[in-house]
Amino acid sequence: MNLRPSHRVLAGAAMIALATQAQAAQARIGYICPELNKATGELSVRVDSGCTSSSARLISQDLALKVDQSTASIHVTGDMKFGGGMIQTADCMGRQDVTLSAEGIKPRRYTLTYEGQYLATLDMMEQAKPDKCLSPTYRHFKDSDLAMRSSFKVWNADPVEGWNEWRGDSVYDALSPVLDSHPEGMEGRASAEITVEKKRWRREPGYRTPVINTDPFIAVTITQHGYLDDSVSGGRFFAEMRQDENGKWMVAGLWSQNMCARGDKAGQWTGERCP
């Protein structure tokens, strides 16, 4: 293709613009890796750029570490700026890291934030460092932080009429129709266990129900025993709790199982009716 002079000028300007963009500083924080030396009380926080091209060079960094022991919190701020090439490529030869440190740190449960973004709670009483480095870009969740929808295929997904209309000022208020119904009286040996955890649905490729909302939610598990019923001795519920536009807690999902008291399913959890 032949370009007229004016076209050549425009093409040359476009190439210069692209080159300038490639040289422009690009910010990049890949991973944050804290570690506490319990013997000396020194906290080391390694901040890693992640995979960076060998053609990129570190221009500047303004990383800073602040530890507030009165609130048991660790704050990392600042960034690394690169120039001279694309940041993320296969060679990773330009990878950079900066280690920040603080002294006199006591073993506690600390919250870790980057630029005000919550990353994790670190139990530095039990272990010196987390199992994995934390990423402000790619959040890593432990298996215990994830819930699998396929686990509830054998549960009853519509156990109580009108459950999706339950609302309350607290999680417990919203679930009062379940909590207030137990125990039924002074007879028997009634008991109940409640766990409240922050979870996120795990994506499961191929599972027939697509995961639409992957935002974190409050998971409430309620296990009750000692029902005054000849066929059902107990029940358990799993509730997905979220807040509506007015700040009220709502039940976004509710699953249940019964523990049968007799028949071939006695002592077993089932999503079906007990004999």
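Where does T52 lie? T52 sits in the loop between β3 and β4 (57-61), and that is a handy way into this predicted model. Because the model is predicted, local features need pLDDT of at least 70 and side-chain atom pairs count only at pLDDT 80 or more, while totals for chains, interfaces and linings use all residues. Residues are numbered from 1 along each chain as its sequence is written, and side-chain values use heavy atoms, with hydrogens and water left out.

**The whole protein**

- The secondary structure comes to three helices and 17 strands; helices (H or I, at least four residues) and strands (E, at least two) are DSSP runs, numbered from the N terminus.
- Of the 275 residues in the protein, 35% are buried, where buried means under 20% relative accessible area, exposed over 50%, and partly exposed in between (1.4 Å probe, protein chains only).
- Among contacts with a separation of 6 or more, 61% are between residues 24 or more positions apart; contact means heavy atoms within 4.5 Å.

- T52 is buried, with a relative accessible area of 0%.
- The side chains of T52 and S49 are joined by a polar contact of 3.2 Å. A polar contact is a pair of N or O atoms within 3.5 Å; within protein, one must be able to donate a hydrogen and the other to accept it, and residues adjacent in sequence count only if both atoms are side-chain atoms.

**The sheet β2-β3-β8**

- Three strands make up this open sheet, in the order β2-β3-β8 and with antiparallel pairing; two strands pair if DSSP finds at least two bridges between them.
- β2 (31-37) and β8 (97-102) stand at the edges with a single partner strand each, so one side of each has no neighbour in the sheet.
- On average, neighbouring strands of this sheet are turned by 20° against each other, direction ignored. For such angles, axes are lines fitted to C-alpha atoms (for helices over the stretch in contact), and angles run from 0 to 180 degrees between N-to-C directions.
- Six bridges link β3 (residues 42-48) with β8 in the antiparallel sense, and V45 stands opposite L100 in β8.

**From β13 to β15**

- Strands β13 (residues 191-201) and β14 (residues 217-225) run antiparallel and are joined by nine bridges; A192 stands opposite Q224 in β14.
- β14 also pairs with β15, in the antiparallel sense and over eight bridges, and T223 has R236 in β15 as its bridge partner.
- The hairpin of β14 and β15 has six residues between the strands, and G226 takes a positive phi near 90° there.

**E240 in β15**

- E240 belongs to strand β15 (residues 232-243) and is buried, with a relative accessible area of 5%.
- The side chain of E240 makes a polar contact of 2.9 Å with the side chain of R242.
- Leaving aside neighbours within four places in sequence, the contacts of E240 include R149, W201, F217 and W255.

**The second largest pocket**

- This pocket has a volume of about 410 Å³. On a 1 Å grid over the protein atoms alone, a pocket is an open set of points where a 1.4 Å probe fits, with protein on both sides within 12 Å along at least five of seven lines. Grid points are joined across faces, edges and corners, and the volume is the space filled by probe spheres set on the points.
- The second largest pocket is lined by 24 residues, and P159, V160, Y227, F237 and N258 lie nearest its centre; lining residues have an atom within 4 Å of a point.
- The largest share of this lining, four residues, comes from β15, while α3 (176-179), β15 and β16 (249-260) each supply at least two residues.
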